[in-house]
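Trainee: Could we go through this structure together, one question at a time? I would like to see how each answer is reached.

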Amino acid sequence: MTRSHPLFCLLLAAGALPAQDTISPKTYLQRSYQTERVTGDVPLIDGSPTEAAWDLVEWSGDYTQFSPNADKPPTQQTFLKILYDDRNLYVAYRCLDSDPSRIEARMSRRDDFPGDWVELNIDSYHDKRTAFSFTVSASAVKGDEFISNDGNNWDSSWNPIWETRTQVDSTGWTAEVRIPLSQIRFSAGSEQVWGIQSTRMDFRMDERSLWQAQDRNASGWVSRFGELRGLKDLQPRRNIELQPYVLAQYSTYPAEEDNPFVDGADNRFSTGLDARFGVTNDLTLDLTINPDFGQVEADPGALNLDGYQIFFREQRPFFVEGQNIFDFSLSNAEAGGSHTSDQLFYSRRIGGSPHRFVGSDGGRSFYVDQPDNTTILGAAKFSGKTQSGLSVGLLQSTTQRELATIDLNGERSETVVEPLTNFQVGRVQQDFRGGDTYVGAIFTGVQRSLDDDPELSFLHRRAYAGGADFVHRWKDRAWYVAGNTVLSSVSGSKEAILETQTGFEHFFQRPDAEHLQVDSSATRLNGSSGMLKVGNLAGNVIFETGATWRSPGFEINDIGFMRNADEINYFGWAARRWQEPFSIFRRFQINGNYYATFDFSGESLNQSINTNSHANFTNFWSMGGGGTYTLQRASKTDLRGGPVLRQSAGAEYFGYVSSDSRKKVTAYFNVYGFSAFDGSEQQMSYYVQADWQALDALSLSISPNYSRFQRADQYVTQLDRAGGGKEYIVGQVDQRTLSTTLRLNYNLTPDLTLQYYGQPFVSRGTYTDFKRFTGQAQAADFGDRFMAFDPDRVRFDGESGQYTVTGEDGIEFGNPNFNFIQFRSNLVARWEYRPGSEIFLVWSQGATANDDPGRGLVSSLGGNVFSEEMRNNFLVKVTYRWLR
């Protein structure tokens, strides 16, 4: 049977749709706005731009539609004015509306962009790559983002101090904005030119219009801004910001009889400080001392059977803000997703759970009080961008040596569970050719103090990585080539390096891996990774192709995130897109992808092709779906150090539909499935999300998720054979997972909000039909790879929890069945009582339990989540932001 190339399939499918010429992106005359300095009374920020100061400048209008009908006049016109003085930039908007009663003035928390809104982007460096974004909704909700990589990254964690007010009148709505110049960065100069762009969202038409027209088929965003002129004799301010906090917390939980560490209640009081100093007009130093993350939303529930690490997004304010500066994704794609997404810097490593766990013995002889997380003593970030186009980011953090307290019949002792540790990240990037080209470098380091702690000899003493990256764009930024390379080195005791070599990410001990060798005497492990890709992101047909590698010894998990080493990945994708409305479509796109993975011996691990398409309709609904055909797949990790195991080929599919997002009630549905052709593996999941905008100030969201995973060769354990070698035991697993996420947002004012997040989670797995590995890892038929035990010979002892296979010497293993239940919730009242200063009232609840795998999902949830075994945390936190 012949197989079609995925790009050919893409073009064949595209031929069935209406023809549209593939043309180069359009170019537009660059606009400019002439501002003036206010020397008398400055505007009063009340939402009505009627003060005399506004007469110094003219209204600028003539916005142009960006979507859905590019280059057409917008349904409603917009006008703006810009003024400045020594300390502030002032912006006024008049957003005309033929029916002001239908203006959507929804309330929300900051950065949610509810209803109608208008926005100004400011490229104050005029580097055509970075910008500061200030958005105001008709209800005066603020949004602010730092834009980098010419619009490919929008960092909403950036929260500057600025002021805005809005009003609705008989002709539409108006807004006034005051932006302190201390909150944006720019270089000194007697007369400056900044890049600017303004966007208007007409919510009920789902229509965006721009002050500076741009082509949706063009690559880039900031590089296509208009200009702000007339700025004279501005002096960058070296501002100082101090934000101390005080916190009081009280916790209740079920007491344990005779356990002195679990008496039913705890309390805590702490203080800390965040600070920011303008070292120069371009560079800023951020410090945090004893940071607290008590108001952060809980991580979602997750349980993974494949052995890979679970990635959780960063939510802690200090590390979230400005994280784009330190971004170094090893193989990110410019568009259309990425084949792998490992990161050289993963900030969740800082302040994570201690590496050593000391548990109670399960009886009454001793009890342990172990910290859940490592204490961050302090952290500092130094970042900025100079007039010459040099971006700099430096981060240093120190975490405390952590001890667990042991109570043995009333006698207390301590044992170390985490050493004193230092973390460093350094990142630089230099722009060339007006930002069309940049070259960067990065360095990460981890040092642990292990001399006095032999119990922690399994940890790396030192872990370093360093690399370089580049991007070069040409032909009006349509074409690009990008690459990076990284070297890593970890060192420590023989025990630590042996554990790394034989750990999940490496498995040097694989018996069929002739290119690998375990060195039990080694005290250092070195490796490398790299990526090279080329693509075109302009026009109606876009594509990207490239390759990545991670050598067997590559290791970055002390401060980065890496799922697996010893891999070479090739990826290629292409897309045909229709950006202009036609027939029933507002927008349509079809994609084709090809992926292939090999290890460093040349062993093929995966080959798959995919096609998918996505449509936005004229009724404002959207829909998409796709399928993947896996030609070949194998796993280095399924047998946990055993040989590469062939997996049965199969096919997967996904589909989704989303209703009109402008309505008060919206819904989203997603389905996913995978099926091996021989029936050895089945996956399916259903996700539903329903959102209700009950009032302008009140929104509710509920999103249940159900999945089922069945696999005939799920790893259970491995045993040592009497004559040498390993015996690998697998079984038929049936895992069912149910979770529901509930969110509530209530805004009394734009600065006073009430937010609730809750998620019950349960995952149950039962194992049957146990099998042994035959040793034929690459056999085409599943039955040749595994041999099932006679069910009559498999005995289970409920008292010991052990399975025994009679007639087989030494084949005994524990019960792998599980039923894991978790509940996490946060109720947060937040009041920004003055710009940048906040009061938090937080009530969080949590429960974790293990139940009988024979119980149903719903009954397990009800019997554990809503029981008395609940931990409650009550927290009050007050911050004060002082700015000079």
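This is a predicted model: local features need pLDDT of at least 70, side-chain atom pairs count only at pLDDT 80 or more; totals for chains, interfaces and linings use all residues.

Trainee: Is Arg-830 buried or exposed, and what is its relative accessible area?

Mentor: Residues are numbered from 1 along each chain as its sequence is written, and side-chain values use heavy atoms, with hydrogens and water left out. Buried means under 20% relative accessible area, exposed over 50%, and partly exposed in between (1.4 Å probe, protein chains only). Arg-830 is therefore buried, with a relative accessible area of 12%.

Trainee: Which residue forms a salt bridge with Arg-830?

Mentor: A salt bridge needs a side-chain nitrogen of Lys or Arg within 4 Å of a carboxyl oxygen of Asp or Glu. For Arg-830, the closest N and O atoms of the pair are 2.7 Å apart.

Trainee: In the salt bridge of Arg-510 and Asp-512, which residue counts as partly exposed?

Mentor: Their side chains meet at 3.9 Å, N to O. Arg-510 has 3% relative accessibility, so Arg-510 counts as buried. At 35%, the partly exposed residue is Asp-512.

Trainee: How many salt bridges does the structure hold?

Mentor: One of them joins the side chains of Asp-286 and Arg-276, at 2.6 Å, N to O. Both Asp-286 and Arg-276 are buried. In total, the structure holds 44.
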